[in-house]
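I opened the model and kept notes as I went. Here is what I looked up, entry by entry.

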Amino acid sequence: MTKLHNDNIALLIDADNASHAGLDPVLTALAELGTVNIRRAYGNWRKQSLKGWVDILHKYGIEPQQQFDMTKGKNATDMKMTIDAMDLLFRVNIGGFGVMSSDSDFMPLAMRIRQEGIPVYGFGSAKTPEAFKQACSRFIDVDALIKANKRERGGDGDVKTAAKADDGEEELSARGKVDDQLLKLLIDAYQASKRDAEGYASLSEVGKIAGNRSSFDVRNYGFSRLSDMFEEVPNFQTKRDDKSQLFVKRLR
């Protein structure tokens, strides 16, 4: 992905609704946009449930934002995050935002930021409400990121063996998530793309159109690259030209 002209990125974390285990791969994913110079995590740090976050705040250079729970069963994290995001949007030169949460309350925030022409990457669980997912420029399943990160770093045999034993079926199912809805999205994006006489369309253009129509990200489906996905999607084939640019064609 081409980096932004302004690559100053802000990551805002709803610690009450995000797993600290996903922070490392989230930062890696945001590197597509630029440098994550602003890193803030919000929560009531008195809670024992946030200990995992507390233990890594300084390691990753994250600025903790204390929010006390004024009412039992509720927290003030959402409001504080939203206020800070709007302050950053209009007072600081920000090129992109990362919002790490599975809370649909951040849907209006993501939509407002995008109206300024600034991309918003959402990071949450697969159970995140669809409204927030679609409000983001891209929404990435953090659990899928964590699994992919483990596979990529599993250099020793024990790790790989354990992954096959424990996650074998799960990994296959992740690769099997190319369902009818996703297939339709890819076909529509392909059909909306410019094609040559042989029916090939630029993979980058197909990916851009698909991204404009949905917040989908290939990492949610167990793939690291769009080209990997198309190689496994039924009824598509890929080829490279003499400049190593990748093209895709739908087979009848």
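I started at Ser-193, which sits in the loop between α8 (180-191) and β7 (201-202). Helices (H or I, at least four residues) and strands (E, at least two) are DSSP runs, numbered from the N terminus. This is a predicted model, so local features need pLDDT of at least 70 and side-chain atom pairs pLDDT 80 or more, while totals for chains, interfaces and linings use all residues. Residues are numbered from 1 along each chain as its sequence is written, and side-chain values use heavy atoms, with hydrogens and water left out.

Is Ser-193 buried or exposed? I found Ser-193 buried, because its relative accessible area is 5% (buried is under 20%, exposed over 50%, partly exposed in between, with a 1.4 Å probe and protein chains only).

Next I looked for its partners. Leaving aside neighbours within four places in sequence, Ser-193 is in contact with Ala-201, Glu-205, Val-206 and Ile-209; contact means heavy atoms within 4.5 Å. Glu-205 is 12 residues from Ser-193 along the chain, and their C-alpha atoms are 6.5 Å apart. The side chain of Ser-193 also reaches the backbone oxygen of Ala-189, at 2.7 Å.

I then turned to the sheet. Its three strands form an open sheet in the order β7-β9-β8, with antiparallel pairing. Two strands pair if DSSP finds at least two bridges between them. β7 and β8 (236-240) are the edge strands, each pairing on one side only. α8 packs on this sheet and touches β7, β8 and β9. The direction of α8 makes about 110° with that of β9 (axes are lines fitted to C-alpha atoms, for helices over the stretch in contact, and angles run from 0 to 180 degrees between N-to-C directions).

How many bridges join β8 to β9? I noted five, and β9 covers residues 246-250. Phe-236 stands opposite Arg-250 in β9.

I came back to α8 for the second largest pocket. Which element gives the most to its lining? α8 does, with five residues. α5 (130-135), β6 (138-141) and α8 each supply at least two. The lining has 20 residues, and Glu-130, Gln-134, Gln-181, Phe-216 and Tyr-221 lie nearest the centre. A pocket is an open set of points on a 1 Å grid over the protein atoms alone, where a 1.4 Å probe fits, with protein on both sides within 12 Å along at least five of seven lines; lining residues have an atom within 4 Å of a point.

My last stop was Asp-78 in helix α3 (residues 77-91). Asp-78 is buried, because its relative accessible area is 15%. Beyond four places in sequence, Asp-78 is in contact with Asp-14, Asp-103, Asp-105 and Phe-106.

Conventions
A polar contact is a pair of N or O atoms within 3.5 Å; within protein, one must be able to donate a hydrogen and the other to accept it, and residues adjacent in sequence count only if both atoms are side-chain atoms.
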